[in-house]
Amino acid sequence: MMAQYLALKQQAGDCLLFYRMGDFFELFFDDAKIAAQVLDIALTSRGEHGGAPIPMCGVPVHSAEGYLARLIRAGCRVAIAEQVETPEEAKKRGGSKALVARDIVRFVTAGTLTEEALLEPRRANVLAAVCEVRGVIGLAACDISTGRMELEECAPDQMGAALARLGASEVVAPDSWDQAPVDCVPRPNRSFASDEGETRLKAVHGVSTLDGFGQFSRAMLAAAGGLVTYLDHVGRGALPLLLPPVAREAGTHMAMDEATRSSLEILVSSGGTRRGSLVETIDRCVTGAGARQLAEDLSAPLTDARAINRRLELVSWLHDDPLLRGDIRGILRALPDLGRALGRVVAGRGSPRDLGQLRDGLSEARRLHDLLAARTDRPEPLDAVLPSLAGHGALCDLYSRALVPAPPTERSQGAYIAEGYDASLDELRRVSGNARRAIAALEAKYRDDTGISALKIRHNGVLGYFIEVPAKHADRLMAPESGFTHRQTMAGAVRFNALALHEEASRIAESGGHALAAEEAHFEELVAHAVRAKEAIASTAAALARIDVAAGQAERAAEGGWALPRVVDEPCLEITGGRHPVVEAALGVRGERFVANDCALNSQDRLWLVGGPNMGGKSTFLRQNALIVLLAQAGGFVPAQGATIGLVDRLFSRVGAADNLARGRSTFMVEMVETAAILSQATERSFVILDEVGRGTSTYDGLSLAWAVAEAIHSINRCRCLFATHYHELSRLAETCDSLSLHHVRAREWKGDLVLLHELAEGPADKSYGLAVARLAGVPAPVIKRAKSVLEKLEKGRAATGGLAAGLDDLPLFAAAIEAAEEKVDALRERLNGLDIDALSPREALDLLYQLKAQANG
């Protein structure tokens, strides 16, 4: 047995091996140690290997899903080794001592889950493959629980942003690629060949060309090849549901890097959970599929005004008709998760309950279609998805006739095919039922014949049907002429058999076995119907999710008094009474009111420097405007009295930073890396929020960096930007930067206490209020008093010397400074270009080097 285990373990590689032994999955050696620690189960031992006891632990097969979920969440991957023959078949093959054959039937990994118990209902489970082809990054992503597959390509420096948008649970990449993402699953290079990817996609979808699905680059096809090959590997040759691939066009969605997504807490809060995130605050979807679609919308806001306005048109229509919205949400609330039920059925892991969910979901989709089709004022975006809600009448009728109203999750016991669907199956059930009634009659007869009122006919998996009597009455049935045959003696009872009972038990077993076989055949037939209609069913599931998102967005807008944004193709951002949705919701729980603020950026006033005390609301103001832009371009209402949003191609947020010890980066290094990305990638159509640039180093270094960054944003990137800072000296930039204006969050000191008003006002901040904030935080009074005396001395010194920013009045603008530096370099270049190097003697060359060095040093 251990030789068989070790051979399978070699196939499993770095996966934990679940080795099936009877009713348990057993784990051995290091696998057992890891599993016992993660699952908090007992670690035992069995036999010896190499002179040492073999560590061992196990989990029951019937509850394995729960243990698998915990292992996957802990970052483990699992190989499932099942028995692939029965003990009887093993005996026939190799005699009485033959070992039952086992094989790995499936690998369970984070990105390849389909089981309902292992998946989060409101979060997509994405598997991604990434590779490089001729300097271009190809990405393939698929949620195999629903079958949706997307292919895209990007520049190498955009790979991180693309993977951040996907939020993949698992990423596979070529094993020899130096630039592969951290924590990816390495796969052989040959899996990522573009011709192999094209061939596999054609085979999966049964087509001779992929032109009907779109135009795919070599990088896209190479990534698709790696993805499909990996799915084939983990499924041991059985592929899951894969819908036709869709090419994601570059530039159709707002770009956001990982740092921006993290700081804005779009899908996950700073605590690492959904709670407290943007999606958790605005999600009013009543289906899991709708919640997953909403999360995708927020992860990839649109950059096409027409597409955005189509979404807004549907949301607005539902917002203005609360009665219709309530009826729609009532129907949607009763829907099963059609997409994931279909995924399990097509992957061969479906149950009768999944078929029942397809029946019920498609029937409700038809009911929703009829409700909406009756309306004459439908918006055009609704007309576009309405046909997808119908067209499944024949399948629904078949499933309604074939299945019981509430099919079970297991099919091994049968009882899921409805009576009247198959006359021969009904007859087998009648025979089996009659036999059971006959057994009940036999029990009554044996009681009368023996006079033993405690006699019972029982059943178990080992003996089948048997007669059981208390031990004190066993002698009557032991007599040779009694007609009973002794089977088993227990502590307080004795078990017997009888000829009539044996005959009835045989009839039950035979008819029951035939009935189960008939139901299994019907199940496979019903599954085949679903597989043939998989693309149409997936289209229905997608349409239902889109309607749920629109209705949920309308519901959230009605709850919070949110406004319909106006999306325009101009470099502006005009928000009246804007609020931060997450902060406002948190304050509402405590019965407090959020202070709304306006924001008005345009081509003549595109950079705001925002000052004021800590805790005054600067960071909240920055974030709320970024979130309003994101919500609008995702196609929803926004938390404001009104908003005009100029389309944003890239959104950048550098608000707060933390050490990245895993990469050896300090807080300041992380801040500078993020700032560098902004300066190199932001365009005139971008929106940037920057908070306290330069605070992680010395005062002089920090001020100089903040000054230069603000100038670069203003004069080079020329994008819309909100720049929060404590450096009062930066206010001098307003004198030289035409499109920069000064603002501050208001605060007042009243009788020694600081009152934070959270209101934004024009002009520079009058002071920092740092000591007042420290007092609010509970810093001891002696420390505050000492700090005050130090501050007074520093301020006197600043007044005497002209201050920290003394001399900045004469500093040339950013572009002029660059030109001056370039002129100095050009003088050296001109002198070097004029040299005849071949004519120089060694002595002359050495003298020339000294001259050039002196000239370079000024």
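**Buried charges, salt bridges and cavities**

Asp354 is buried, with a relative accessible area of 3% (buried is under 20%, exposed over 50%, partly exposed in between, with a 1.4 Å probe and protein chains only). The model is a predicted one, in which local features need pLDDT of at least 70 and side-chain atom pairs count only at pLDDT 80 or more, while totals for chains, interfaces and linings use all residues. Residues are numbered from 1 along each chain as its sequence is written, and side-chain values use heavy atoms, with hydrogens and water left out.

So what does Asp354 pair up with? Its side chain meets that of Arg344 in a salt bridge at 2.8 Å, N to O (a salt bridge is a side-chain nitrogen of Lys or Arg within 4 Å of a carboxyl oxygen of Asp or Glu).

Altogether the structure holds 50 salt bridges. Another joins Arg411 and Glu520 at 3.0 Å, N to O. Here Arg411 sits in the loop between helix H16 (393–402) and helix H17 (423–450), and Glu520 in helix H19 (residues 499–532), 109 residues apart. Both ends are partly exposed, Arg411 at 27% and Glu520 at 26%. Shared partners also join Glu116, Arg344, Arg353 and Asp354 into one network of salt bridges.

On to the holes: there are three cavities of 30 Å³ or more. A cavity is a set of points, on a 1 Å grid over the protein atoms alone, where a 1.4 Å probe fits but cannot get out; lining residues have an atom within 4 Å of a point. Grid points are joined across faces, edges and corners, and a volume is the space filled by probe spheres set on the points.

The largest cavity comes to about 70 Å³. Helix H13 (338–346) and helix H20 (534–560) each give two or more residues to its lining, with H20 supplying the largest share, three residues. The lining splits into seven nonpolar, two polar and one charged (Ala, Val, Leu, Ile, Met, Phe, Trp, Tyr, Cys and Pro count as nonpolar, Asp, Glu, Lys and Arg as charged, and the others, Gly among them, as polar). The second largest cavity has a volume of about 50 Å³, and residues lining it include Arg106, Phe107 and Arg349.

Definitions and conventions:
1 Å grid on protein atoms, 1.4 Å probe; cavity = no way out; pocket = protein on both sides within 12 Å on 5 of 7 lines; lining within 4 Å. Helix = DSSP H or I, 4+ residues; strand = E, 2+ residues; numbered from the N terminus.
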